[in-house]
Amino acid sequence: MKHKTLIFAHRGSAGTHPENTMEAFEAALQAGADGLELDVQLTKDLVPVIIHDETVERTTNGEGWVKDLTLEELQKLDAGSWFSPAFRHAKIPTLKELLQWISSTHLLLNIELKNAVIRDSGLEKIVLALVEEFGLTDRVIISSFNHYSLVDIRKMNAEIEIAVLFMEGLYEPWNYAKQIGAQGLHCYLPVAVPELLAGAAKAGMPVRPFTVNEDHHITALLKGGCSAIITDWPKRAVQIREQLF
Ligand code: G3P
Ligand code: MG
C-alpha cells in the first residue's frame, strides 16, 4: 500500500536545528520532508521575515518586538546560538530568501501568518504578492489563527489554498472552514480526535495536525491515512513512514 500522509517540517527541522532558519529548512529537505511549515511577521520597515515569537528574545541575542525592528537590525542578530553554539551564524531569513530557495526544490510550503497578536499590519497583502511574484501559489498553503486574515487572503486570491488553525475541540470544523472559503484544517494534535479525522475525510477536507512529535502519534496518524502531519522531527517521521509502507 502506498502511503498517503505527507510530512511537513514544523519551523523546519526544529528538533535538530534552530527553528525558522535556512539551516532548519535545508535539514528538512535533506530529511526527505514533503513540505515546510514556517511563521511570518513584518519588520518595522514592512519586510516579511520568518520568526515565531512576536519578540526576538527567545530565539536570538537581541531584544524587542519584531514589529519595532528594521530588517537591517534583525539581520544582525544571531538566531542560532540559543539552540547550539554550532549555529551561531544562523540568521532570521526573509520570506523572499526562502521563496527563492524553495523554488528550486519540490517542497510544499505552509506559510503561517503570525498576526493574531499584531493585527492589521497589511501582512496578508505583502505575503500574497510575494508568493504570486514567485509563481508559487499552487505549492503554498496559507494558515493563521486569525481567521479574519484568512478571509482577507481569500478575497484577494480565489485560488490559493488556505487552512484554519485552531486549538479547540470544534464540532464539525470542516463546515466552518468551507463557510470561510478554507480548504484545510490545521488543528492542535490533542483535538485531532477520531470523529474529526473521519468526518473531515468524508467531507474531503485535509487535516494536518501539529505538532506531532511522539513516535506513537506519528505512527497512528500515518496508519490512519491522515492527510499530513506537522512535526519538529521530519527525519524520524520519514523513517517511520518508510518502515510502515
Ligand atoms: O502551523 C502549525 C503550528 O505552527 C501552529 O502553532 O505556535 O507552532 O506556530 P505555532
Ligand atoms: Mg507555526
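The magnesium ion (ligand 2) is held, in this predicted model, by three protein donors: Glu37 (OE), Asp39 (OD) and Glu112 (OE). These donors lie 1.9 to 2.2 Å from the ion. Donors are N, O and S atoms within 2.8 Å of the metal (3.2 Å for Na, K and Ca), and sites may look incomplete because water is not among the atoms. Along the sequence, the donor residues of the magnesium ion (ligand 2) follow the spacing E-x1-D-x72-E. Glu37 and Asp39 are both buried. Buried means under 20% relative accessible area, exposed means over 50%, and partly exposed lies in between (1.4 Å probe, protein chains only).

Residues are numbered from 1 along each chain as its sequence is written, while chains are lettered from A and ligands numbered from 1 in the order in which they are written. Local features need pLDDT of at least 70, side-chain atom pairs count only at pLDDT 80 or more, totals for chains, interfaces and linings use all residues, and side-chain values use heavy atoms, with hydrogens and water left out.

Helix packing was examined next. Helices (H or I, at least four residues) and strands (E, at least two) are DSSP runs, numbered from the N terminus. Helix α1 (residues 22–31) packs against helix α3 (residues 95–103) at an angle of about 20 degrees. Their axes are 11 Å apart. Axes are lines fitted to C-alpha atoms, for helices over the stretch in contact, and angles run from 0 to 180 degrees between N-to-C directions. The angle makes α1 roughly parallel to α3. Angles under 35 degrees count as roughly parallel, over 145 as roughly antiparallel, 65 to 115 as roughly perpendicular and the rest as oblique. The crossing of α1 past α3 is right-handed. A crossing is right-handed if the near helix is turned clockwise from the far one by less than a right angle, and left-handed if anticlockwise. On the α1 side, the contact uses Met22, Phe25, Glu26 and Leu29. On the α3 side, Glu97, Leu98 and Trp101 meet them. Contact means heavy atoms within 4.5 Å. By class, the contact of α1 with α3 has five nonpolar, no polar and two charged residues. Here Ala, Val, Leu, Ile, Met, Phe, Trp, Tyr, Cys and Pro count as nonpolar, Asp, Glu, Lys and Arg as charged, and the others, Gly among them, as polar.

Helix α3 also packs with α4. The axes of α3 and α4 come within 10 Å and cross at roughly 25 degrees. The two helices are therefore roughly parallel to each other. Their crossing is right-handed. Leu95, Lys96 and Leu99 of α3 make the contact with Val127, Leu130, Val131 and Glu133 of α4. This contact of α3 with α4 divides into five nonpolar, no polar and two charged residues.

Helix α4 (residues 123–133) has a further partner in helix α5 (residues 147–156). Their axes come within 10 Å and cross at roughly 45 degrees. That angle makes α4 oblique to α5. Again, α4 passes α5 in a right-handed crossing. Glu124, Lys125 and Leu128 of α4 meet Ser149, Asp152, Ile153 and Met156 of α5. The contact of α4 with α5 has three nonpolar, one polar and three charged residues.

Leu197 sits in helix α7 (residues 194–202). Leu197 is partly exposed, with a relative accessible area of 25%. Leaving out residues up to four places away in sequence, Leu197 touches Ala192, Val207, Leu221 and Cys226. Leu197 and Leu221 are 24 residues apart in sequence, and their C-alpha atoms are 9.4 Å apart in space.

The loop between α7 and α8 (215–223) contains Gly204. Gly204 counts as exposed, at 59% relative accessibility. Gly204 and Leu130 are 74 residues apart along the chain, and 29 Å separates their C-alpha atoms. Thr211 is found in the loop between α7 and α8 as well. The peptide bond from Phe210 to Thr211 is cis, with omega near -15 degrees.

Asn20 is not a glycine, yet it has a positive phi of about 55 degrees. Asn20 lies in the loop between β1 (6–10) and α1. At 3% relative accessibility, Asn20 counts as buried. Asp120 is not a glycine either, and its phi is positive at about 55 degrees. Asp120 belongs to the loop between β4 (108–113) and α4. Asp120 counts as exposed, at 77% relative accessibility.
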